[in-house]
Amino acid sequence: MTKLLSIGNVSGGYSGETVLHNIMFEVHKGELFGVLGPNGSGKTTLLKMMSGVMPYGHGKISIKGKEISAYTAKELAKIVAVLPQHSAQTFSYTVKETVSLGRYAHQRSWLQSWNTEDEEMVKKAMAQTGITAFQDHYLDELSGGERQRVFLAQALAQEPEILLLDEPTNHLDLSFQKELLDQLKHWTEERGLTVVSIFHDLNLAGLYCDRLLLLEKGQVNQIGTPIEVLREERITAVYHTSIEKLAHPAVPKPQIVLLPEETAQNRNNIEINEQYLTVNDDHIQLIAPKPLRTLSSGVTGAGFGWHHTFINRHVDQNYDCSDPVQEMKEYLGTHGFTGEETVGMMTAVNLNDASFQLYQEGEISVFIVVTAGTGNAVDATSSQRMSSKLAPGTINTWVFINGHLSEAAFVQAMVTATEAKVKALLDLEIRDPITGTIATGTSTDSLLIAAAQRGETIEYAGTITLLGNLVSKGIYECTTTSLKRYKKRHSL
Amino acid sequence: MRRQYILTHLLSNKWLAYLLAAVFLICAMVIGISIGTVSVPISYIIKIIGQEAFRLPIRDQIDPMYTNIVMNIRLPRVILAGLIGASLAIAGAAFQGLLRNPLADPYTLGVSSGASVGAVVTLFFQISLPVIGLFTLPLLSIAASFVTIFVVLLFARKIDRSMKVETIILTGIIFSSFLGAFISLMIALTGDELRQIIGWLLGSVSMRGWDYINIMLPFFIIGSLLLLFSARELNAMSFGEEQAQHLGVNVQKRKMLVLSAGSILTGAAVAVSGTIGFVGLVIPHLIRILWGPDHKHLLPLSILIGGGFLILADLVSRTVIAPTELPIGVITALIGAPVFAAILVRKRGERR
């Protein structure tokens, strides 16, 4: 990798006030380099120094091994182009006139007329930014996003090796933000364009940049890959705000979400208990007063999410449907629930055999609802049946926890719940009808862990924690009760 | 709709723009020479100019009185008016592009106030330098305008090292006010020369003769060429100084060049004719509406239209209540201010 741009120990700022202190980094050819930092951290000042419009006090900024001040304005413009945050628009030039100005540095003198190469480059730049269609329009007739693309085309017409951008996505709507950054990324990969850009949006920066520079009060806080820079503690400290880091669902890049200030009302704990539960022949429903954080394997609302309605629906033993998810959504729709806000499960057992109970220990309480049947009991360790088909589950377990759970606690609660269920099956000697061994569950069991995410923070829910104890005790008891009722009904 | 389309198409054709502007200027010149207390037929004008200026062998004998009126009174007057109009218009266009303010004009920077002080001081103290004699007034005027622009720039640089446009405009306005007060003070102290000073301040191109054209011409040529050669840089600077520098313009150097050229033009115009307002404001504005803001065309077209406009304004000033002549600055203000107001109203209407 060749270093194209090197900032060596640079300090400086406006007269009388030093904005930047000892900044040092290098940018390589073909890199997409992001500059981050809170307002007033010196991002724009740094960009101005790199583009040569602002002198720096100490240190050295060099481009292609030559100090920036040694370049004439024209020489520099052939290497570095800038897409500014704002541009003065006193007079209404046409789009093409504006883009054509990008060729200034390539024209030797006033006498040298516009040649075919200039015309070609301008046309190419307009085509690349998708503005050819309105090349004869006036700038002030365009929307903010279109104007942004015009100035991008102007910068491209300069045929630069380095493109400096100051919050390029500022005026753009969602699709143009993505389009612009995809395009920039493409150019860095295809033709080795080097892009240095200021970002306000940490997530966009994290998604697209190869490396990030995080500035804090005019000093380098960190330089590195998005994963190195976008650390939860680091961002919280630099931006003085509470954030949480998540994994991007599709690409291995960190995403950062803001946490709104908790209101007094939100701090109030809510305890999910019997009062929210209704059981009838068709379904069991629990409607929580507020959305709950859920981790489940329901037919709808599976995975992590936020849901406030929970449905365990009775279906016929021979229920068979090619698209149970869609069928379930339709069912929810006809009953006045929405698929997005509902965790929906299915069972073939009689819903009147359901067992539910509230367990409490100090501040923590757990409400458990279990419907159980052993129609297709399976020993997980010796099962050889293969079916990807979704059949109605027979042991459906809901766990509502009154507390604030970490993601680890959710998973641990799941493990604990499963272990307790297996123990209940063992003690009742439920057997896999095919292998004859003790069953560990049924082939279509579903589990839901839901937490109000208010009140006390609970980091762990393993079997020897307080919460783990409540969960395992509750699951064991409820599963046993429900299974006994099932057995009684089927006189097994 | 179709007519509208054809009209826009015709207007967008740059060659046609130059043709129209040139025809306008020539018509203004011919009418300006023709009309007056003694009317000169247009055919005579062509013959006289052909004979006298181009030494064409035209046989017709024309009354020497006509020849005298055309060659010694009307032609120099029309040419001088044209040069002044052209200078003010191109300087205005350049200042507006440089300062990114369509309301900027040679007067905003204090240049014309400086020139006025130079002239008023000359008149007040009856200064007459040896050798140059009659030219004392114009030369001192140009010198004063130059001193003013450099003091303004020096002052602006002192306040703000990067010399932002806003700083320059504000400094210019401060100096303008100060110099204006200085002129008022001298007028208040004046006895007999009052009418002379006021008359000069309001502007006139009468009775200047070929000498003044000779003074004016070199400044006009130098100033205009400097600006015409800066057209592309002015385009870039319209988008902001930083943006211009990103595009490769040596902003500091070019800014000094444009300011100097504008000052030369304004200083020379004010020196020979007094203060004539609104030409530098209205003409570039009008051309921008018709043919767009591209300085490559805006500047030459400003020369042509500005020249023609001031010739017509001068014509009106000397014929409207003949034989008394009105100061030309009164006419340009009377025409220019309402036109400018109309443009502003239209512009605001468009935005809404």
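Before I turn to the model, a word on angles: axes are lines fitted to C-alpha atoms, for helices over the stretch in contact, and angles run from 0 to 180 degrees between N-to-C directions. What we have here is a predicted model, in which local features need pLDDT of at least 70 and side-chain atom pairs count only at pLDDT 80 or more, while totals for chains, interfaces and linings use all residues. Residues are numbered from 1 along each chain as its sequence is written, chains are lettered from A and ligands numbered from 1 in the order in which they are written, and side-chain values use heavy atoms, with hydrogens and water left out.

Let me begin with chain A. Four strands of chain A form an open sheet in the order 2-1-4-5, with antiparallel pairing; strands here are DSSP runs of E with at least two residues, helices are runs of H or I with at least four, both numbered from the N terminus, and two strands pair if DSSP finds at least two bridges between them. The edges are strand 2 (17–28) and strand 5 (66–67) of chain A, each of which pairs on one side only. Strand 1 (residues 3–14) and strand 4 (residues 58–63) of chain A are joined by five bridges, and Ser6(A) has Ser62(A) of strand 4 as its bridge partner. Helix 1 (residues 43–50) of chain A lies across strands 1, 2 and 4 of that chain, running at about 120° to strand 1, where contact means heavy atoms within 4.5 Å.

Now to the interface. The contact takes 28 residues from chain B and 29 residues from chain A. The area buried between them is about 2,600 Å², of which carbon and sulfur atoms give 61%; buried area is the accessible area (1.4 Å probe) that two parts lose on being put together, summed over both. Arg232(B), Phe239(B) and His246(B) supply 32% of the area that chain B buries against chain A, more than any other three residues.

How many salt bridges are there between chain B and chain A? The count is one, taking a salt bridge as a side-chain nitrogen of Lys or Arg within 4 Å of a carboxyl oxygen of Asp or Glu, and the side chains that meet in it are those of Lys48(A) and Glu242(B), at 3.2 Å from N to O. On the side of chain B that touches chain A, the elements giving two or more residues are helix 4 (64–99), helix 10 (231–237) and helix 11 (241–246) of chain B, and helix 10 gives the most, with six residues.
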